[in-house]
Amino acid sequence: MSPSHKIKVEGREIQAPDGMILLRALEKNGIYLDNYCDGQGVCGRCRVKFVSAAPEFYDKETLRLSQNDLKTGIRLCCYHRVESDLEITIPVLPPGDRKKYFDSQILGEDLLE
Ligand code: FES
C-alpha cells in the first residue's frame, strides 16, 4: 500500500495517496478549482500557492504564470504530484482570466505553444 500525505489547504487537512496529481487530490476531497481544461495544463486556472516548499516548476507553467508568481510559490496544481506532506492556499484569480481563455479558444490559439 502506498503511503499517503497530509495536505493543509485553507484551514482544512486532507489526505492524498503518494503520487496523486494535486488537482485530483483536491477534487477527491471536494475542493474544486474553477478550471476550464480539466487538468490538461492549458487554462492556467488551477493555481495554488505553496506555503511549504514549492516544487520546481515545469517550463510549460511559465506560459500561464509570471516570474513573480513562480518566485512566490504559485504553481499549477495539475502539473504536480503529491510526494510529501504539504501546505497550500488557493489564490483568488483576476476576473479577466476567464475571458482570455475563451477568446483564445474562439481564435483557435494553442495556449501551450
Ligand atoms: S486545470 Fe487547467 S491548467 Fe491546470
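Tutor: The dialogue below treats the overall layout, the sheet, the core and some individual residues. Please keep in mind that this is a predicted model.

Student: How many helices and strands does the protein have, and in what order do the elements run?

Tutor: There are 3 helices and 5 strands. Read from the N terminus, the elements follow the order β-β-α-β-α-β-β-α.

Student: In what order do the strands lie in the sheet?

Tutor: The order in a sheet is read from the pairing of strands. Here the 5 strands form an open sheet in the order β2-β1-β5-β3-β4, with mixed pairing. The edge strands are β2 and β4, each of which pairs on one side only. From one strand to the next, the twist averages 40°.

Student: Which strands pair in the parallel sense, and which in the antiparallel sense?

Tutor: Let us cross the sheet from β2. β1 and β2 are antiparallel, and 6 bridges connect them. Two of the residue pairs can be located as examples: histidine 5 has alanine 16 of β2 as its bridge partner, and lysine 6 has glutamine 15 of β2. β1 and β5 pair in the parallel sense over 3 bridges, and there isoleucine 7 is partnered by leucine 86 of β5. β3 and β5 run antiparallel and are joined by 2 bridges; phenylalanine 50 has isoleucine 88 of β5 as its bridge partner. Finally, β3 pairs with β4 (residues 74-76) in the antiparallel sense over 3 bridges, and the partner of valine 48 in β4 is arginine 75.

Student: Which residues have the most contacts inside the largest nonpolar core?

Tutor: In soluble globular proteins, nonpolar side chains tend to be buried together. The largest nonpolar core in this model has 14 residues, and those with the most contacts inside it are Ile7, Leu22, Leu23, Ala25, Cys77 and Val82. The elements that supply two or more residues to this core are α1 and β5 (86-89). α1 gives the most, with 4 residues.

Student: Which residues does alanine 25 touch?

Tutor: Leaving aside residues up to four places away in sequence, alanine 25 touches Ile7, Ala16, Met20 and Val82.

Student: What share of the protein is buried, and what share of its contacts joins residues at least 24 apart?

Tutor: Buried residues account for 21% of the 113 residues. Among contacts between residues at least 6 apart in sequence, 59% join residues at least 24 apart.

Student: Where does glycine 41 lie, and why does it count as partly exposed?

Tutor: Glycine 41 belongs to the loop between α1 and β3. It is partly exposed because 18 other C-beta atoms lie within 10 Å, and a residue is called buried at 20 or more and exposed at 12 or fewer.

Student: What is the phi of glutamate 10, and where does this residue lie?

Tutor: Most residues other than glycine have a negative phi. Glutamate 10 has a positive phi of about 50°, although it is not a glycine. Its place is the loop between β1 (4-9) and β2 (12-17). These two strands form a hairpin with 2 residues between them, and glutamate 10 is in the turn. Glutamate 10 counts as exposed because it has 10 C-beta neighbours inside 10 Å.

Student: What is the phi of aspartate 38, and is this residue buried or exposed?

Tutor: The phi of aspartate 38 is near 55°, again a positive value in a residue other than glycine. Aspartate 38 lies in the loop between α1 (22-28) and β3 (47-50). With 11 other C-beta atoms within 10 Å, aspartate 38 is exposed.

Terms used: Residues numbered from 1 in each chain as written. Predicted model: local features only at pLDDT ≥ 70, side-chain atom pairs only at ≥ 80, totals over all residues. Contact = placed C-beta atoms within 7 Å. Core = buried A, V, L, I, M, F, W, Y, C linked by C-beta atoms within 7 Å. Pairing = 2+ DSSP bridges. Axes fitted to C-alpha atoms, helices over the stretch in contact; angles between N-to-C directions.
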